[in-house]
There are 2 protein chains.
Amino acid sequence: MAKTIQNQILGVLGGGQLGRMLIQSAINYNQDIHILDPDPNAPCRDIAQHFQVGSLKDFDTVYSFGKSCDVITVEIESVNADALQKLADEGKKVFPQPQILKLIQDKREQKKFYQDNGIPTAEFVLTESKSDVIAKKDFLPAVNKLGKEGYDGRGVQILRSEADLEKAFDAPGLLEKLIDFDKEIAVTVARNENGDLVAYPAVECAFHPTANLVEFLFAPAQISVEIEAKAQEIAKEVILKLDMVGILAVELFVTKSGEVLVNEIAPRPHNSGHHTIEANFTSQFEQHLRAVMNWPLGNPDLRCPAAMINLLGEDGFSGPVLIEGKEEALIERGVYIHLYGKKLTKPFRKMGHVTILDENVETLKVRANRIKELIKIKSTP
Amino acid sequence: MAKTIQNQILGVLGGGQLGRMLIQSAINYNQDIHILDPDPNAPCRDIAQHFQVGSLKDFDTVYSFGKSCDVITVEIESVNADALQKLADEGKKVFPQPQILKLIQDKREQKKFYQDNGIPTAEFVLTESKSDVIAKKDFLPAVNKLGKEGYDGRGVQILRSEADLEKAFDAPGLLEKLIDFDKEIAVTVARNENGDLVAYPAVECAFHPTANLVEFLFAPAQISVEIEAKAQEIAKEVILKLDMVGILAVELFVTKSGEVLVNEIAPRPHNSGHHTIEANFTSQFEQHLRAVMNWPLGNPDLRCPAAMINLLGEDGFSGPVLIEGKEEALIERGVYIHLYGKKLTKPFRKMGHVTILDENVETLKVRANRIKELIKIKSTP
């Protein structure tokens with residue numbers, strides 16, 4: 001263990017905010033992290049022990065980067081999984097495992113995986129083209145998803161009626177029954193190579209009406225003990241059936257009839273777990289580190305109810321960052337601002353987040369709304 | 001404010017663990033930090049935006065480093081204060097102010113400052129040489145302190161009786177009445193340029209019997225409301241009388257008769273505040289950053305009772321670090337290990353610390369003792 005912490009190099013594909021917060025956490029353990037990212041100004045640039053500029057999708061680049069590391073992980077799913085597979089075949093530790101990344105990269109495969117493993121998820125039908133979607137119009141209202149290359153809201157759209165069929169994706173994808181959900185929640189689970197498994201308490205997500213990004217998050221989710229238990233059980237089932245090592249965010253729908261259905265999964269630290277830095281005994285970043293390095297997992301309990309707000313670039317502003325309203329927020333007890341070090345803002349770009357702690361769940365909601373209105377990411381004139 | 005956070009460079013004299021934890025905290029604000037340290041392998045090396053190897057005591061080195069920064073602070077007191085004074089005279093922001101560093105560098109001046117400002121402290125007499133100490137032997141039992149160059153227990157010794165006079169310091173120093181104290185406590189205060197002032201709840205220190213370093217720390221201190229109030233009032237009085245900007249750790253004796261006396265002060269993040277990272281709403285590192293950058297100060301309240309253990313190099317071991325017993329500690333809820341990234345250990349070297357959170361103060365003490373016995377810093381064979 002001592003030697004593990006001291007000497008092994010952890011390589012991370014992707015040097016964005018997730019990698020940045022992972023490094024921040026790894027500093028406590030003196031764990032060296034090497035980063036590969038195509039952007040020379042990526043958020044991890046200045047704080048990684050080694051920062052390499054290169055494509056995450058190019059086989060040779062990923063392979064040679066991985067060769068110089070002992071353990072390899074990702075902070076984004078769209079990476080060259082074949083290169084990772086070769087590294088794993090040659091004995092490198094790659095977590096999440098390459099076959100899981102391949103599964104995640106294809107929403108069609110993901111849905112089939114749920115189906116094959118008895119994991120509850122919205123009913124779906126695969127579609128090969130726009131005309132195929134039109135042929136299956138009896139399935140509407142539905143969510144039309146592209147099989148590959150969807151990310152952060154791209155490649156996902158709602159087809160409510162025949163009038164929407166015009167915009168159907170003309171590539172392999174799927175139609176998923178539109179769920180009349182009561183809540184969207186998320187459960188993060190983590191598992192190490194030893195097989196230790198922990199689950200975080202469920203959180204509740206509120207999405208931005210147009211950007212399809214998490215706008216508010218509240219922990220704990222306001223759900224019954226039964227729904228909480230069901231959600232945790234499903235999340236554990238997913239990571240076990242995947243036989244995955246690392247941290248896995250499982251987004252779920254709670255339907256009006258009390259069903260719990262898996263919506264999407266992410267095999268890495270995730271937006272729905274940012275509050276864990278201050279709100280939980282072990283942050284999702286430290287937990288991911290522990291999981292991929294095969295250290296003992298940390299306690300996932302909530303220390304205090306929390307809200308999380310994404311700081312998205314304001315619509316209508318592009319260029320060097322100008323932050324408004326921070327002074328007032330900084331004075332408040334239990335308000336934590338995280339800026340990701342991105343030089344340029346653009347509409348809806350994730351520029352940072354704020355976590356708010358408050359023992360009183362009602363006050364928390366009021367404060368979260370107020371702080372959301374207070375802090376604005378604009379650009380310099 | 002926005003521009004302040006984005007564009008100003010904070011220079012720090014010293015790149016040890018205090019600078020390292022300051023950087024870890026500054027990442028949240030995207031605040032660039034430049035470090036000057038004589039050791040090319042100092043703990044800040046890999047995570048500072050800019051790391052310069054150079055002497056902290058050399059006028060030209062400190063001056064030219066400071067010229068390239070907007071705000072300059074320290075993580076160690078023994079730096080060239082004349083160079084900092086010149087930088088301040090030329091309009092750079094230097095916090096703590098150079099004259100305060102000069103005061104701290106001379107324990108004689110410090111004691112006179114307390115006396116002149118009516119700040120309660122142990123009775124003392126200045127001594128110029130060994131023979132002068134001998135001449136003042138009626139003052140025994142006393143603590144004999146060197147005026148300058150004392151640090152972490154060096155330059156401080158107890159002279160209980162005439163038999164001890166043989167080891168008296170033969171240089172300008174002082175004799176301080178040996179205080180028959182009930183407890184040693186510490187209060188951290190912070191003040192920004194706007195004059196905002198906050199005080200942290202008092203913590204209780206337990207020192208290592210031979211190394212004269214804090215071995216255990218408990219927060220909150222087990223003291224009466226009256227003693228707490230008195231200690232906070234004194235600590236605020238010190239920072240106000242110093243007219244200081246930054247964070248100030250004030251170590252105090254609580255005597256058996258209920259007096260509160262200032263023992264030592266440190267105008268920077270301090271060992272007695274490490275627990276604040278996890279235990280308080282605002283860590284001492286973030287608070288120091290806010291204070292020197294003139295941002296609003298953060299709430300200092302305790303979120304949860306905490307214990308802090310220094311991880312000192314075991315006596316008898318020198319060389320590359322080998323850590324024992326970490327596995328077991330990592331599993332526990334509310335145990336936070338911080339390693340400082342030092343490559344080599346030696347007896348009593350500060351290699352890291354552990355913070356333990358527990359709502360139950362009695363359990364906390366038991367757990368702190370157990371974890372202290374569990375984790376050992378040794379060297380590879």
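Predicted model: local features only at pLDDT ≥ 70, side-chain atom pairs only at ≥ 80, totals over all residues.
1. In terms of residues, 43 from chain A are in contact with 42 from chain B.

2. On to the polar side of the interface. Two salt bridges are counted between chain A and chain B. One to look at on screen joins the side chains of Arg333(A) and Asp301(B), at 2.5 Å from N to O. Polar contacts across the interface of chain A and chain B come to 17 residue pairs, with both residues at pLDDT 80 or more.

3. Which elements of chain A supply at least two residues each to the side that touches chain B? They are the helices α1 (2–7), α2 (17–26), α9 (276–279) and α11 (326–331), together with the strands β17 (319–324) and β18 (335–339). β18(A) provides the largest share, with five residues. By class, the side of chain A that touches chain B holds 23 nonpolar, 11 polar and nine charged residues.

4. Within chain A, have a look at helices α3 (residues 59–67) and α4 (residues 81–89), which pack at about 35° with axes 8 Å apart. Their crossing is right-handed.

5. Who makes that helix contact? From α3(A) come Phe59(A), Val62(A), Tyr63(A), Gly66(A) and Lys67(A), and α4(A) answers with Asp82(A), Ala83(A), Leu84(A), Lys86(A) and Leu87(A). Sorted by class, the contact of α3(A) with α4(A) has six nonpolar residues, one polar and three charged.

Technical notes
Residues numbered from 1 in each chain as written. Chains lettered and ligands numbered in written order. Heavy atoms only, no water. Contact = heavy atoms within 4.5 Å. Salt bridge = Lys/Arg side-chain N within 4 Å of Asp/Glu carboxyl O. Polar contact = N/O pair within 3.5 Å; in protein donor to acceptor, adjacent residues only side chain to side chain. Helix = DSSP H or I, 4+ residues; strand = E, 2+ residues; numbered from the N terminus. Nonpolar A, V, L, I, M, F, W, Y, C, P; charged D, E, K, R; others polar. Axes fitted to C-alpha atoms, helices over the stretch in contact; angles between N-to-C directions. Left-handed = near helix turned anticlockwise from the far one by under 90°.
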